[in-house]
Amino acid sequence: MKEQAKIVIQDVWKEFADIRRSTKTDKEAVPVLQNVNLKVQDGEFVCIVGPSGCGKSTLLNIVGGFLKASRGEVLIDGEPVTGPDVKRIFIFQENGVFPWLTVEDNIGFGLLNEPPSERNRIVEHYIDMVGLKGFEHAYPREISGGMKQRVEIARALAAGPDILYMDEPFGALDFLTRLHMRAELAQIWQREKKTILFVTHDVEESVQLADRVVVMSKRPATIATVIDVNLPRPRDLDAPEYLSIRDEIFEIMGLDHSGLGAGRENVDEDPAPAAAATVSSPLRHKALDADVIIIGGGPAGSALGFYLGRAGIDHLIIDKAHHPRAHVGESLSYSTTAFLKEMEFLPVMEREQFVVKRGVSWTSWFDQEQVDMNFKDLEGPGYTYQVDRARFDDLLLKHARERGSRVFSGAQVERVNFSRRGFAEGVTVKIGNSRFPLKSRLIVDASGSQTMLGRQLGILTMESGLPQFAVHSRFSNVRNERAETDGYTHIHMLPVPRGWVWQIPISEEVVSVGIIMDREHNVRSGESVEEFFNYTVGLNPTLAARMKDAVRLREFRMDGNYSYSMDRFAGSGWLMLGDAAFSVDPIFFSGISDAFHSARFAAGAIAEALAANDLSESSFDGYQTRLRGGVEFWQEFVRLFYDVAPIFSRVIGNNFRNEILRLCEGDIYDPSAMQSLVELKKAFEAIRGDESHPLRRYLIGAGA
């Protein structure tokens, strides 16, 4: 420790006149603080906790120079505090940003005497430090509560203070935003090493942040004890050492883990407003952070959030990404339009002017014929959409939030936690390098191809018969000879096993083009990805002509096997949906459709299970049966497709095309779907058995 402390509080007492009991001539005093003594070292982070109404904020105001002590004194750098000082900045719970100033103007407010270049440098530095890059010109009304608090912290730091006084700065924020802000404040403090005196009612918060925790007694308050928090940063909020210190503070304050007093002796008998000495801990023992926690904010998680919100079920979506995020899978199947309407999302699609998809076109390598299939003859609106998935996913998640979902972005779920009885009871979440638990009655894995819970439980099975991979990018100047099919999804078949190419218009100028092939036809030794891509495109003459003048707009991306399934889709206290449950070869672009179907099925199963208070695996038997039927249908359909791929479009173009087109476009959960598939198999078997049929020689195993 240094010879001279930064802050020295010496024998501080404080009394207030009790106006309820005072007369004009006889003033009665209410003692608030008595005999408070404390030293804070330069660069130290000290938290002050204690019962509600005990005088924590009063002490902070005395140290900050806003109140005078009734007795005793406060020294900073050896000098008595006589009033506020510009080198010592206060940050309060109430939002203090100026609503008429932008983010950058708020942060630079205390730098008006600096030269413009220096002011801009400082402002830019702290905007970057608190993670507000891109919001420089936003007004407070346009940003979240947590972001406003970051603006206040940045403004305080920009002024170059020696000391930060923080009085419940995160108290007005929701629980998850507070967790974010705590982690960010800890990182900022480690970089800046400012002296911080931080008042909080939240014991969890104090142990997460402080070098030392000052525990105040009930009023009239003195310091009951000071606890050193000798834990490495960032702190693991689930670690035994962390929990031990937390529980020690609770015990000193006469509270149990829930923040409730252990007995009548812990209740302040004074009838003043702060009567009960209670501490609200958002991570308290046995508390639930939500009835349902959804892992993943992609289409499956967002759709489930919408359905649960509509049903009035409390839920929390945790998404590790900050949207918008890059994603492949730009073509929506026809069946998704009904879901978009059901979820009241069609107005958003129209407003955002996504490309309207009215059909699918097929070409093959052995001729120049293009088979067009228009949706106009199908039941329903006759269209769906091509989407930029980054924007589409972002809009869906915002829509879920507007319809009642709580969303926690930028946090990674590391594992699902199980009770001794084998029930899922919560998750462990990581923000930066800090970890903490969240509790719920039910966990839903909507983590997509990450398949977080499937990998944790070891129930992921890859589809060994379809070892596909993809190479894709975006291009301009891709030709299309038929203007009436400009918005279509175009499928180009290749003369290699399970080889095909997608061509999907994302906008009037941009087209996504991707190759799907068996792994055996991967990039050959010594060949670049671009050379492989161009060679493969040339295998289909129609596609090659369209790509002749194409200009690539971004780097090539490669993705692995698309086909897998879980051994089971639900268990006690958990279930899976969307790509977290299963995925099939993307020839029919069924991913979003399956996500929406499974979200609707899951919402119904969850509502019934919660109402019955039965979250055992058997309560989700019906849900598992429906999803298993979908998996088996897709697997059989895809295998059939690759057996007959070169002539697939020719046959369904001439035989019961509407029924099969409906299946290709994701409407597979109707009982009639399997019967339609049986009829399709018969049609191909008839060709296989007819030696004179002109298409027979293109069938695998036809003996040609």
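Q: Hi! What order do the strands take in the open sheet of 4 strands?
A: In this predicted model, the order is β2-β1-β4-β5, and the pairing is antiparallel.

Q: Which strands stand at the edges there?
A: Those are β2 (29–40) and β5 (79–80). Each has a single partner strand, so one side of each has no neighbour in the sheet.

Q: And how many bridges join β1 to β2?
A: There are 8 bridges between β2 and strand β1, which covers residues 7–17, and the two run antiparallel.

Q: Which ones are the buried residues of α1?
A: They are K56, T58, L59, L60, N61, I62, V63 and G64.

Q: Let me stop at N61. What's its relative accessible area?
A: For N61 the value is 18%. Buried means under 20%, so N61 counts as buried.

Q: What does N61 touch, leaving out residues up to four places away in sequence?
A: With those left out, N61 touches F66, L67 and F90.

Q: What happens just after α1?
A: G65 comes there, and G65 takes a positive phi of about 90°.

Q: Switching topic: how many helices and strands does the protein chain have?
A: The chain has 19 helices and 31 strands. It is 704 residues long, and 55% of them count as buried.

Q: How about the contacts, how many join residues at least 24 apart?
A: That's 72% of the contacts between residues at least 6 apart in sequence.

Q: And what is the accessible surface of the protein chain?
A: The total comes to about 30000 Å², with 48% of that belonging to carbon and sulfur atoms.

Q: Which residues have the most contacts inside the largest nonpolar core?
A: F392, I606, F637 and F648 do, in a core of 178 residues. Taking I606 and not counting residues up to four places away in sequence, the residues touched are V292, L304, L308, I313, L442, V444 and L575.

Q: Which residues does the second, separate core include?
A: That core has 27 residues, among them V32, C54, I163 and L197.

Note on methods
Residues are numbered from 1 along each chain as its sequence is written. This is a predicted model: local features need pLDDT of at least 70, side-chain atom pairs count only at pLDDT 80 or more; totals for chains, interfaces and linings use all residues. Side-chain values use heavy atoms; hydrogens and water are left out. Buried means under 20% relative accessible area, exposed over 50%, partly exposed in between (1.4 Å probe, protein chains only). Two strands pair if DSSP finds at least two bridges between them. Contact means heavy atoms within 4.5 Å. Accessible areas come from the Shrake-Rupley method with a 1.4 Å probe; for residues, only the protein chains shown count as cover. A nonpolar core is a set of buried Ala, Val, Leu, Ile, Met, Phe, Trp, Tyr and Cys residues joined through side-chain atoms within 4.5 Å.
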